[in-house]
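Visitor: I am new to this structure and would like to learn how to read it. Where do we begin?

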Amino acid sequence: MDADTLPLFDLDLATVSEVEREGCREFFAGKANKTPERYMTIRNYMVEAWHAVQPLYLTKIKARAGLRNCGDVNAIGRIHTFLEHARIINVGAQRTRRSQPNGTRRRRPATGDSDGEEPDEWRSVPSGSAASLAGRRRRVRDDEGNWVYQDEYYGGRVIAHDVVERRADDADYSYSDGSDEEHEGAPAHKRRRRALNGARYQVQSEFRLVPCRAFGEGLLPFRVEVSAAALALMDLHAHLMDTEVIGLLGGTYDAGEGVVRVEVAFPCNSTSTTTECEMDPASEVDARRVFALQDRHVVGWFHSHPTFDAMPSVRDIHNQHAYQALCRRAADSVEPFVGFIVSPPGAAGGAYGVSDISVFYVVADGSPEGVPYQLPYVVTSRDAVSTEAVDEMALLVERHAAMEHRVDLARRFRRSEAMTLLEKLVISMRSHWDDEARQHWDDLVSRRLRPLLLEHYCRSGSGSGGSHSELANAAPPTAQESP
């Protein structure tokens, strides 16, 4: 059997493996509606359904057909995604709906399946051709059976955002749109309309950015230290894609000193847009395995906000709160888990060209949703530039080089300025090291990273950042760096 088709764990239908507990933790967190028994019921049904339809692809819609009373459809979909990435189901399946490699699009024939499944006879058309541009936007069914545009559908768990409109000191952190009592005297049709608007608002509110509060003096749950190498890797990852990126953070928690030490960052695979991000469960398992070999633990996660501020959304807050609960220590009830947000555009009034990187933590504060608080952090090992760290960054650059939504670093950072995104990236990554280490850092970047970035991320004909030779010969910018 090919190594790419081997399952990530040995499946036993009568038990649950440790890999499954890590990959589907929501079913092992003591929730009344998400129990290990329910997970096994869903998993076993999907495995049996997959064996019944082989070699065809088992879709989420078909997998849910026999799981009518097994709870949240999104949670069921996440189990499907986990089993697929773990190579338990759909191994070598003949898919009828599949994304195409870069450079091709699919064109729909005159007739099609009424269930939204794509016929096998679809033909590939080179992107950019007149034929590919002439067709309509194609619609598919989402995981709940509704028709949606394919270019807006990504399925599964999403993290999305919208700009918050209220000031931080005015935020009451209540994400509902009023209670039934407020409208008790209104006519029935108005109450129905308000109830509908309230439901819509609750959905939209998950995507709102929420300003973080500040901890009072002496109230920090712990201190946070992060290595310069981990910050630089997060910063680089956020600059490579127009879409959101996501990853896990490895390190240690020192209960005696009360400090979370973030030592390494592990970029994870994801399905993302500029406003959504879904972590690949198999990638998360890989990260935990790597951390364990290094005698480290998962102490946090990071994700990027490509076009907006480094504030958490309501969905981010919910995810962070859930992760903290899973990491709660029985001995002292401390939850040593932090969330990093990287915003490449930078903060208003911040150092020129330097990304805005914030750390948040969620406190109950009497709110069922939890309230986000800003955590200050200290950068450590700012003089420890290593060849190994830069080699790891080079691997990340190469891994993303063929991805569709990679950034064109030859573009200008701002329309009115000459600085390119490549130069901005160099400035931002350079800011994490101290003055004595920057010369060594510049040398390593010039030899290992810059050629790869020029080759794969500075596309010719952008018309905004100069030619490859001009960018290659340009000295690394040093102006207006952060201390």
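Guide: This is a predicted model. We can begin with the cysteines: the structure holds zero disulfides.

Visitor: Is cysteine 24 buried or exposed?

Guide: Relative accessible area decides that, and under 20% counts as buried. Cysteine 24 has a relative accessible area of 4%, so this residue is buried. Cysteine 70 is also classed as buried, because its relative accessibility is 14%.

Visitor: How many residues does helix H2 have, and what distance does it reach?

Guide: The reach of a helix is taken from its first C-alpha to its last. Helix H2, residues 36-53, has 18 residues and reaches 26 Å, close to the 26 Å expected at 1.5 Å a residue. Helix H9 can be read in this way too: residues 314-326 make 13 residues, and they reach 19 Å, close to an expected 18 Å.

Visitor: Which residues of H2 are buried?

Guide: A general point comes before the list. An α-helix has 3.6 residues a turn, so residues three or four places apart point the same way. In H2 the buried residues are Tyr39, Met40, Ile42, Arg43, Asn44, Met46, Val47, Ala49 and Trp50. They pack against three helices: H1 (18-23), H3 (60-64) and H4 (73-85).

Visitor: And which residues are buried in H9?

Guide: In H9 they are Val314, Arg315, Asp316, Ile317, Asn319, Gln320, Tyr323 and Gln324.

Visitor: Where is leucine 231, and what does it touch?

Guide: Leucine 231 lies in helix H7, residues 228-240. Its relative accessibility is 1%, so leucine 231 counts as buried. Leaving out residues up to four places away in sequence, leucine 231 touches Val226, Phe340, Ile357, Tyr377, Val379 and His432.

Visitor: At what angle do H11 and H12 pack?

Guide: A helix pair is described by an angle, an axis distance and a handedness. Helix H11 (residues 421-430) and helix H12 (residues 435-457) pack at about 145°, with axes 11 Å apart. Their crossing is right-handed.

Visitor: Which residues meet there?

Guide: From H11 come Leu422, Leu425, Val426, Met429 and Arg430. From H12 come Arg438, Trp441, Asp442, Leu449, Arg450, Leu453 and Leu454. The residues of this contact divide into eight nonpolar, four charged and no polar.

Terms used: Residues are numbered from 1 along each chain as its sequence is written. This is a predicted model: local features need pLDDT of at least 70, side-chain atom pairs count only at pLDDT 80 or more; totals for chains, interfaces and linings use all residues. Side-chain values use heavy atoms; hydrogens and water are left out. Axes are lines fitted to C-alpha atoms, for helices over the stretch in contact, and angles run from 0 to 180 degrees between N-to-C directions. Helices (H or I, at least four residues) and strands (E, at least two) are DSSP runs, numbered from the N terminus. A crossing is left-handed if the near helix is turned anticlockwise from the far one by less than a right angle, and right-handed if clockwise. Contact means heavy atoms within 4.5 Å. Ala, Val, Leu, Ile, Met, Phe, Trp, Tyr, Cys and Pro count as nonpolar, Asp, Glu, Lys and Arg as charged, and the others, Gly among them, as polar. A disulfide is a pair of cysteine sulfur atoms within 2.5 Å. Buried means under 20% relative accessible area, exposed over 50%, partly exposed in between (1.4 Å probe, protein chains only). The expected span of a helix is 1.5 Å times one less than its number of residues.
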